[in-house]
Amino acid sequence: MNNRNKLSALTVAVLAGLSLAGCNGGSATSSVTDVAGGGAAKSEVAAVQLSARFPTGDAQAAYIGDSQYINVRFYGHDLVGTVDEAMDLLDACSEQDDNYIEFMGEMIDCYQETGNGLRGGFATEVELSPSSPTALVELLPGKYRVEARIDNGNGQLRETSVSYVTFGEGDHSLKLRAMEATWTFETPMPLALLNTETSVGEEAYDWDPEEEGVQTAADVLGITNDIIGVHLPSAYTLPMPFDYGMADGDFNGPYTVLAGGYWNRGGDYALSSIFRPVMRVSDGAGDEEQLFPESDYWHDDMLITEMVPVDDGGDGTDGGDGSDGGDGGGDAVMAEDDAMMYGCDDADDLPDDMMAVGCERMSYMQWATPGWLLQQYDPDLEAEDKNEYALSLGSWGLEQRHETDTFETDESDEVYEQVIVEAILELGYAKKAIEDDEDNITEREINYEEDIRYWDSELQEWVDSGYTVAWVDTEVESTFDDEGNEVNWKDVLMNELGASENRFTDGSTITGALIEAVIVSEGTRDGSEENERTPDLYLTKMLDMLVVEDEGDGGEGDGSEGDGSEGDGSEGDGDAVVADAVCTTLSGGYVDYSSSYVYNYEEERWESGYLNRALLDEQYNYWSPLRQLQDQLDSAEENLAERNDNIAVYQQDLADLTDDNGGVDPYADYLDAVAALEAEEDSLGITEADDNLEALQEELAMLEQDYWDAVDEFGEESDEATAAAALVNAKDTEVTEANTALETLRSDNVDVLGPLEDAVDDAQMADRYWEFRTVYNNIEWEEDQAAQQQWDIDHYTMELADLHDFYDFNQDGTADVFEFGVFVEDVEVETEWMEMDVEGEEWTRWVYSVVLMEAEVRDTVDAYVEDWAAEVCVQPFTLNASDLDIDYSVSSTVGIE
């Protein structure tokens, strides 16, 4: 959200310090100016009569002090004629990366417009004085910025009153106001909240631990008695440093509008258009103290460390028994005293026996904001609402923050925690109704956006992928009253507490409400399930939530309604609270998380999910695992096709040889003879006996290895070697017996086996046997190679399927570059070439394999979740103006910044 202070149709502004009124041909002295330089007709001009009411004696209808000279200047502008339009221009430029943008139908140069362009081009000027208090200006209808420069009695610039105006043809009634004065409450105002103890949990919070006793926020601010009023010198008048560069926070606020652009903020007329409130506080003895605006910031951090185990003797037998402060093993212990020596950036400087496990940060901030008066004239509104304004009289505050980061380990996630305690004193408020801050809202903004490109190895160039990914930050705020009902804090402020905005009742009287607040916030990001949020599945192009039929609307990552820590500000005894102060308690939550979206150009919407750059890269990068696996699969399929073609050729060669040999295939006859012999050996048990002998010989070889291992380790005469030798002898006996049994079986059946063995020998002696055998060997070799290629194909097909299934993070059946509705972290894919045994085969294969696939896949994201509680008190006030009476030489209890 932009930090905006915009105006709306407010109540009519009555008698002003400086009044510029339209005339109908009265008797005022005229100073006619044709700003276009072209002699406009009388009916085409905007007529504005300027008149100033200078003070005479004690009768002051409006406060302009001892001013003796007022210079009024008009600056023409094509686009900006109201504060709202000035804010819109600043916002439009801040939201765009391009220097040239379209604004209100015109192409503008943001660099110039935001730098100095809000001021516009000089049109004309008029001087007013006690001897010449009126003047007539005729301008072409259009948009203008008006600056009324008010000098003191010595002719020195004191204040500049600024208004943005839009004039049509005819007469206009324009009112400007002056503010620099000493303002006094009709009744001195004691505090109702900041001078009482603040509770954080069950403890009384000490705003300044270095002072004795529990210090309240008022003690630190220096407000120890009633507030009498406030001096309002301009930033130009007050001889104190002013950080005008930070006056608006994000630079799009009131000060930039009053200055007419960023570049002008250090100029005299800009500094004289903003005010530096100096609080006037009773000293309890009938006099007053001046609390000059003070801004202060303090920050400190320290590492949280642990002692690491020191190897001082393994089990402690050589390194002591721990009686001297250790336990032999060196368990990790906290070293808080040592941690104070090291800042959070000093982890590399820790000694070897210490390790960093976290970081603790503390910060303190005190501030005093400037006051300002934004004015505009809008002729399209009703007569009583044409002159609008918003008035801020400044604020004072304290903020103390305590943050703790606990680093990620193998056992736990990183944890971030913070506690914030704030105290705020507002001298009324300026209503901002065109863009009111809401409390129960969801705000989104793009932190980072990128058009994704990839490297195409074949083209050797970067190529646009067609994907646009954005990281969208989502913030959800909620506010509740003391009964748990959702509320808007402005409704509470205005309706429940009765705090009216700052208003002029006449040129020297302002009414409003003194606002005090104490807020205690506690938040954490710890990776817990309670702190997870589900981002909306669809967003419009402008980042609003979009419900798509049959797709669901996603989970709204709304803030937890927890009550946080009650920073409700104890009321103490009854005399400490002003009788007419109205107080209430509010609570609320704040949630912040970031998630990725990809833009769907066809549907013109953002879709939540994960863009798998690795998969995109693997489709086009030759060296990626996916490409490597696919290439290996393609190669294996090509090789298999080649082997099958070779097999077909050799089979044709075999058929041709058989035809040429009169239909006789000697190698086939040989195979038949071998098959007959093997069948007979099976029926006689010879094959089984031979297999048994082979198994026993393998067992004997293993036992012999065990024996030699025992000899090497324990010695030849050891019990272990003797026992191993006994096992070898026993198994050797079994082998001898099995071999004898096999030989006996063969000799007993020589009559049956002899003719079959002769048939095998005769087949090998047949004519053209070796010619046929060569063809058979070629076919067998090709078939073996084909089997290996088929094994590779099965392997790579399975590897690719597993990898695609891994990349299918949302499990919709397809591995896509964009995986909708899920968020993926810590993706790891590792591959290597490895030798693999093939079951049932004598050969092994060197293949490319995926050895690791890991990723954390979730449909939620980690969020920072904060709960807060606030006590708010309001007192109405009336301020009356008098001559600025401030003593710059008097030091206050707070002091000058």
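Student: What span should the 30 residues of helix α12 have at 1.5 Å a residue, and how far apart are its end C-alpha atoms?

Tutor: First, a word on the source: this is a predicted model, in which local features need pLDDT of at least 70, side-chain atom pairs count only at pLDDT 80 or more, and totals for chains, interfaces and linings use all residues. Residues are numbered from 1 along each chain as its sequence is written, and side-chain values use heavy atoms, with hydrogens and water left out. Helices (H or I, at least four residues) and strands (E, at least two) are DSSP runs, numbered from the N terminus. The expected span of a helix is 1.5 Å times one less than its number of residues. For α12, residues 719-748, this gives 44 Å, and the end C-alpha atoms are 44 Å apart, which agrees. Helix α13, residues 750-764, agrees as well: its 15 residues should span 21 Å, and its end C-alpha atoms are 21 Å apart.

Student: Which residues of α12 are buried?

Tutor: An α-helix has 3.6 residues a turn, so residues three or four places apart point the same way. Buried means under 20% relative accessible area, exposed over 50%, and partly exposed in between (1.4 Å probe, protein chains only). In α12 the buried residues are Ala721, Ala724, Val728, Lys731, Val735, Ala738 and Leu742. Helix α11 (686-714) is among the elements that cover them, where contact means heavy atoms within 4.5 Å.

Student: What covers the buried residues of α13?

Tutor: Those buried residues are Leu753, Gly754, Val760 and Ala763. Their cover includes α10 (666-684), α11, α12 and α14 (769-807).

Student: How many aromatic pairs does a search of the whole structure find?

Tutor: A pair of aromatic rings is described by the distance of the centres and the angle of the planes. Rings of Phe, Tyr and Trp (its six-membered ring) pair if their centres lie within 6.5 Å; planes under 30 degrees apart count as stacked, over 60 as edge-to-face and the rest as tilted. The search finds 27 pairs. One of them, Tyr538 with Phe820, is tilted, at 5.3 Å centre to centre and 35° between the planes. This pair links distant parts of the chain, 282 residues apart: Tyr538 lies in strand β30 (residues 538-539) and Phe820 in strand β33 (residues 818-820).

Student: Is Tyr538 buried or exposed?

Tutor: Tyr538 is buried, because its relative accessible area is 3%. Phe820, at 22%, is partly exposed.
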